[in-house]
Amino acid sequence: MCGIVGYVGENKVYPFLIQGLKRLEYRGYDSAGLAISNGSLLVHKCKGRVADLERHVLSKETEGTVGIAHTRWATHGEPNDRNAHPHLSMNRHFALVHNGIIENYAELKIDLAKNGYLFQSETDTEVLVNLIEFFYQQSDEINAEIAVRLALSKVVGAFGIAVICREEKDQLIVARRGSPLVIGIGQGEYFVASDATPLIGYTDNVIYLNDNDVAVITKNNLTLKTLDDKPASFKISRVDRSIGEIEKGEFAHFMLKEIFEQPKTIEDTFRGRISHDHTAIVLGGLLDIFPKLIKAKRIILIGCGTSWHAALVGEYLIETYARVPVEVEYASEFRYRNPILSADDVVIAISQSGETSDTLVALRMAKERGATILGICNVVGSSIARETDAGVYTHAGIEIGVASTKAFTAQVTVITLFALKLAFAKGEITEAHYHEIIQELTEIPEKIRTILAGHLRIEEIAAKYKDASNALYLGRGALFPVALEGALKLKEISYLHAEGYAAGEMKHGPIALVDDNLPVVVVAPKDHYYEKIVSNIQEVKARKGNIIAVATEGDTVLKEMVNDVFEIPESHTAVAPLLAIIPLQLFSYYIAVMRGCDVDQPRNLAKSVTVE
Ligand code: M6R
């Protein structure tokens with residue numbers, strides 16, 4: 001949510017800033033801007049995408065070797081030129097970019113106004129940059145670093161900031177509380193970004209800032225302290241990523257690339273975790289904590305959006321196989337509703353980014369109340385990954401498309417491995433059953449390849465429904481969350497209203513929506529719910545709904561009964577969600593493209609939601 005980049009070194013800063021913004025654009029794309037320090041502070045910014053900024057800057061001065069830049073997802077103030085970052089302080093001593101929310105900005109603004117400060121924008125960020133300047137101007141003893149510290153000590157809320165000062169032109173100051181920041185270490189240069197994506201190709205060595213860290217950076221020196229001016233501990237981590245991961249290659253969109261990557265990402269997720277003979281599951285990250293997990297009285301899965309849907313799949317699998325009671329909670333609700341937790345509870349946060357504010361705060365609350373906290377995250381070194389007692393990385397690779405696809409199937413793969421391992425360790429499933437499902441899981445990538453090979457047929461079907469204005473998605477059991485996820489994908493990228501429902505619930509209300517205009521997507525493979533869901537299909541058919549079924553290959557009965565079919569290979573029920581979601585992802589993708597929507601950067605959304 002908002003992307004920040006910064007640079008200090010010997011090279012011209014502009015190319016890195018603009019390329020960094022392009023790589024971070026998935027975090028927000030309402031407006032973009034940059035500031036360069038070269039004795040004065042050059043600021044260029046405008047509403048729109050990074051490409052608009054590039055055009056805007058074409059004939060402008062961009063000389064300098066120290067700078068900051070920002071791509072915005074609006075919180076305070078509508079997306080326009082004035083509200084775009086960087087913000088300059090009134091007397092142009094400082095320029096600042098910010099990710100997060102300054103909750104007490106209104107009272108700070110009143111105090112600053114009493115001291116003669118005038119504001120150009122409606123943002124909380126402009127208040128912060130002026131507060132820094134206010135302290136800076138109080139005495140000659142107060143340098144930029146002290147002014148930043150003093151200002152941040154007055155701030156309530158979350159921030160990841162990068163600041164440059166006109167008078168201290170060779171230096172960059174960054175700080176975080178609640179919003180991620182990473183520093184890349186180069187040769188005589190440092191890079192700063194909200195996540196490691198812009199650093200790929202520049203350096204592999206990074207420092208992930210902790211909350212309340214303040215770093216003062218020049219081209220040859222980095223000083224890292226806490227907000228209250230104590231030395232801060234840090235560790236240099238390696239980022240092992242290639243440029244190919246952040247380029248679209250032959251694909252028209254990142255989302256399509258990521259959908260097609262799924263056979264490989266699922267293999268990457270279970271590589272090293274399933275023994276060569278497919279008889280054992282090893283989850284290295286949970287090794288030490290596993291004895292505690294076996295004794296857990298209850299498991300609570302938390303997440304948001306797509307990750308919450310993966311958690312719902314987890315509920316079915318863990319309860320069915322490991323026989324442990326599971327609750328699934330929206331992190332945004334859980335954190336505010338004073339839940340009853342004890343040391344016997346295990347809370348597992350599922351998050352692609354590992355930075356979703358609601359999930360992170362809910363997890364901290366669970367920890368304070370004595371629960372064991374675990375993470376299933378994709379981004380290595382992310383806040384959730386670092387703050388949990390233990391966890392499992394999903395290894396899906398960088399996901400850039402705002403609509404999550406490969407992260408979902410990687411999360412479901414991890415949760416499947418977890419449920420099976422726990423079930424076997426608790427003696428809830430036989431060895432033969434354990435081996436059977438592991439074997440089924442290893443066959444999933446090949447089966448997904450078969451579905452993807454039929455993408456043209458899915459595109460043809462999408463063409464028939466692209467002008468619909470509503471859609472209903474139905475599923476049962478672990479395929480109910482798949483229906484929810486299918487509906488979310490359609491909503492997010494094509495702006496069509498779509499609702500996911502447990503198929504058995506349809507008769508309690510949503511059936512009223514069914515008429516000959518309504519596409520109803522029913523996830524109906526041959527499993528033990530089959531007869532029931534066929535009845536639900538009949539109910540829709542009787543009311544003239546247009547039915548698109550996700551059906552097992554060769555199911556001629558359904559083919560006769562419904563309007564269109566997405567075929568998926570036969571599989572064990574435990575792994576069926578990994579197959580059933582694939583045609584639904586493609587269906588949404590093609591509809592969005594046909595409707596002329598911006599698939600990778602859908603309106604109003606951002607990839608990583610680091611505000612409440
Ligand atoms: O990074 P997280 O998995 O914590 O993100 C959670 C949601 O914000 C995310 O899944 C969102 O719903 C996506 N846009 C789904 O496509």
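Analyst: Helix α5 (residues 144-153) is mostly covered, with seven of its ten residues buried. Buried means under 20% relative accessible area, exposed means over 50%, and partly exposed is in between (1.4 Å probe, protein chains only). Helices (H or I, at least four residues) and strands (E, at least two) are DSSP runs numbered from the N terminus.

User: What sort of model is it?

Analyst: It is a predicted model: local features need pLDDT of at least 70, side-chain atom pairs count only at pLDDT 80 or more, and totals for chains, interfaces and linings use all residues. Residues are numbered from 1 along each chain as its sequence is written, and side-chain values use heavy atoms, with hydrogens and water left out.

User: Which residues of α5 are buried? And what do they pack against?

Analyst: The buried ones are Ala 144, Glu 145, Ala 147, Val 148, Arg 149, Ala 151 and Leu 152. They pack against β6 (94-102), α4 (124-136), β7 (157-165), β8 (172-177), β12 (213-218) and β13 (221-226). Contact here means heavy atoms within 4.5 Å.

User: How is the protein divided into domains?

Analyst: Into domain 1 (3-244), domain 2 (254-442) and domain 3 (453-598). The bounds come from an automatic or database domain assignment. The C-alpha centres of domain 1 and domain 3 lie 45 Å apart.

User: Now the largest nonpolar core. Which members touch the most others?

Analyst: Leu 286, Ile 299, Ile 318, Tyr 473 and Phe 587, out of 92 residues. Helix α20 (residues 576-594) supplies the largest share of this core, 13 residues. Domain 2 and domain 3 each give the core at least three residues. By nonpolar core I mean a set of buried Ala, Val, Leu, Ile, Met, Phe, Trp, Tyr and Cys residues joined through side-chain atoms within 4.5 Å.

User: What does Leu 286 touch?

Analyst: Leaving out residues up to four places away in sequence, Leu 286 touches Leu 293, Leu 374, Ala 390, Gly 391, Val 392 and Phe 418. Apart from this core lies another, of 30 residues, among them Ile 102, Leu 131, Ile 142 and Val 155.

User: Switching to helix pairs. At what angle do α7 and α13 cross?

Analyst: The axes of α7 (residues 262-270) and α13 (residues 406-425) cross at roughly 35° and come within 9 Å. Axes are lines fitted to C-alpha atoms, for helices over the stretch in contact, and angles run from 0 to 180 degrees between N-to-C directions. On the α7 side the contact is made by Gln 262, Thr 265, Ile 266, Thr 269 and Phe 270, and on the α13 side by Lys 406, Thr 409, Ala 410, Thr 413, Val 414 and Leu 417.

User: Where is there a cis peptide bond?

Analyst: Between His 85 and Pro 86, with omega about 0°. Pro 86 sits in the loop between β4 (66-72) and β5 (87-88).

User: And which asparagines have a positive phi?

Analyst: Asn 212, with phi near 70°, and Asn 338, with phi near 50°. Most residues other than glycine have a negative phi. Asn 212 lies in the loop between β11 (205-208) and β12, and Asn 338 in the loop between α10 (331-334) and β17 (345-351).

User: Asn 338: buried or exposed?

Analyst: Asn 338 is exposed, at 57% relative accessible area, while Asn 212 is partly exposed, at 29%.

User: Last one, what about Asn 536?

Analyst: Asn 536 is in helix α18 (residues 530-542) and is buried, with a relative accessible area of 2%. Not counting residues up to four places away in sequence, Asn 536 touches Arg 476, Ala 503, Gly 504 and Met 506.
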